[in-house]
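Here is a friendly walk through one protein chain, from its overall make-up to its bonds. Keep the model open beside you as you read.

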Amino acid sequence: MTTLFSHPQLLLLLLLPLFLILSPPSATAQTPPVFRCTTRSTCRALVGYISPNTTTLGHIQSLFEVKTLRSILGVNNLPLNTPSSYTVRANSTVRIPFPCRCNNGTGMSNRVPHYTVVQDDGLFHIANQVFSGLLDYNQIVSVNRIRDPNLIYVGQKLWIPLPCSCDDVDENPAVHYAHVATVGSTVGQIAAEFGMSSESLMRVNGISDPRSLVAGQVLDVPIRACSSSVNSSSPDSSMLVANGTYVFTANNCVMCSCAATNNYTLQCQPSGLRAANWPTCPAMRCPNSNLSLGNSTAPSSCGRTTCAYAGYNRQTILTTLAVENTCQAPGSTGDSNRAPVLHSGGWNLGIVMLCLQMIMLQRFL
């Protein structure tokens, strides 16, 4: 009598789709992410954190040591009244802002975040599960000067060196975003999602063959930032606001947002929040004008005059009259404003192969 065990090769083929179905797509990076960083010494960068479990924004804020929840809300373009208890579903992607520092041609997070080791932790688990494959465990070993990677102890605080960059791209200011490639994604799809060309994405990441992209690879995705009128003497002169995001500045008195639909020109207005370090938020009127911060004249042709934010000095909000080009930039679309979306593959492939193997089984038996 013919049995499955009489055909070991057939048995292996039959079991293969089972392994594909039961094994989830791996998020482990193939090579340690290293982002080139050769210009500004410090800036603000982003990473795309894929939550392994259902959690809350407050928990993620604590994990990455983000000072204010508003910072997370802004880079994810969430409403300002979103609470810290807001539910983040498993496998959802949340953008995380953090300070980046350039050194020796590369960039990494500036001494944050720190992670406290708990029972049964391992460095590989911390890098690939807790921080969703955004870095390699050997990078944790290096920056924390760990002599033996197998010897870490409960309560030990580890600096997690997230990858980042501060470089301009294609002569435009950019906020660099660490994006973990998912199963089935391609260079072209990722480039289109973030409103850039495949050539630019490949050049920034040193990719010579787009077919070499693998699931779990951490890509440096530069998101174009808006140009601004902020004075170089202002404490926030280096502020970069990425397309599709908003930030607060001038001790929380001013809210600035960036959108491709505004021709990548920074749009600022009074925040309506309580001042952080001042008794109250000062007046925000443009000199020699009836316009206040954020107000504009009626557009004529492709131009309009706006009372723009120019920085702050002590308890004074600086403003300037700026002429904006209101015609949409060529090639700009709303798609580049979308937040990162987690993609998943593998399950469909496993089901298809299972069906094929069942057909083969009938023929053999």
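The chain's secondary structure comes to eight helices and 15 strands. Here helices (H or I, at least four residues) and strands (E, at least two) are DSSP runs, numbered from the N terminus. This is a predicted model, in which local features need pLDDT of at least 70 and side-chain atom pairs count only at pLDDT 80 or more, while totals for chains, interfaces and linings use all residues. Residues are numbered from 1 along each chain as its sequence is written, and side-chain values use heavy atoms, with hydrogens and water left out.

**Overall fold**

Of the 365 residues in the chain, 45% are buried. Buried means under 20% relative accessible area, exposed means over 50%, and partly exposed lies in between (1.4 Å probe, protein chains only). The chain has an accessible surface of about 19200 Å², and carbon and sulfur atoms account for 52% of that; the areas come from the Shrake-Rupley method with a 1.4 Å probe, and for residues only the protein chains shown count as cover. Taking contacts (heavy atoms within 4.5 Å) between residues at least 6 apart in sequence, 66% join residues at least 24 apart.

**The nonpolar cores**

A nonpolar core is a set of buried Ala, Val, Leu, Ile, Met, Phe, Trp, Tyr and Cys residues joined through side-chain atoms within 4.5 Å. The largest one here has 45 residues, and Phe64, Ile126, Phe131 and Ile160 have the most contacts inside it. Elements that each supply at least two residues of this core include strand 1 (42–50), strand 4 (93–103), helix 4 (123–130) and strand 9 (174–180). Apart from it lies another core, of 21 residues, with Cys226, Met239, Val254 and Leu293 among them.

Which residues does isoleucine 126 contact, leaving aside its neighbours within four places in sequence? They are Tyr115, Val117, Asp121, Phe131, Ile140, Ile152, Leu158 and Ile160.

Six strands form an open sheet of mixed pairing, in the order 8-5-4-1-9-10. Strand 8 and strand 10 (218–224) stand at the edges with a single partner strand each, so one side of each is left without a neighbour in the sheet. Strands of a sheet pair through backbone hydrogen bonds, either parallel or antiparallel. In this account two strands pair if DSSP finds at least two bridges between them.

Strand 4 and strand 5 (residues 106–109) are antiparallel partners over four bridges, with asparagine 103 opposite threonine 106. These strands form a hairpin with two residues between them, and asparagine 104 in the turn has a positive phi of about 55°. Strand 5 also pairs with strand 8 (residues 163–164), in the antiparallel sense over two bridges. There, glycine 107 stands opposite cysteine 164.

**Disulfides**

How many disulfides does the structure hold? There are seven, where a disulfide is a pair of cysteine sulfur atoms within 2.5 Å. Among them are these:

| Disulfide | S to S distance |
|---|---|
| Cysteine 37 and cysteine 102 | 1.6 Å |
| Cysteine 43 and cysteine 166 | 2.0 Å |
| Cysteine 100 and cysteine 164 | 2.1 Å |

Cysteine 100 in strand 4 and cysteine 164 in strand 8 are 64 residues apart and link distant parts of the chain. Their link is right-handed, with 85° about the S-S bond, and both cysteine 100 and cysteine 164 are buried. For cysteine 43 and cysteine 166, the torsion about the S-S bond is about -85°, so that disulfide is left-handed. Cysteine 43 sits in strand 1 and cysteine 166 in the loop between strand 8 and strand 9, 123 residues apart. Cysteine 43 is buried at 13% relative accessibility, and cysteine 166 is buried at 0%. Cysteine 37 and cysteine 102 are both buried as well.

**Salt bridges**

A salt bridge is a side-chain nitrogen of Lys or Arg within 4 Å of a carboxyl oxygen of Asp or Glu; a search of the whole structure finds two. One joins arginine 203 and aspartate 170, at 2.4 Å from N to O. This pair links distant parts of the chain, with arginine 203 in helix 7 (residues 198–205) and aspartate 170 in the loop between strand 8 and strand 9, 33 residues apart. Arginine 203 is partly exposed at 43% relative accessibility, and aspartate 170 is partly exposed at 46%.

Aspartate 209 and arginine 211 also meet in a salt bridge, at 3.2 Å from N to O. Aspartate 209 is partly exposed, with a relative accessible area of 27%, whereas arginine 211 is exposed at 73%.
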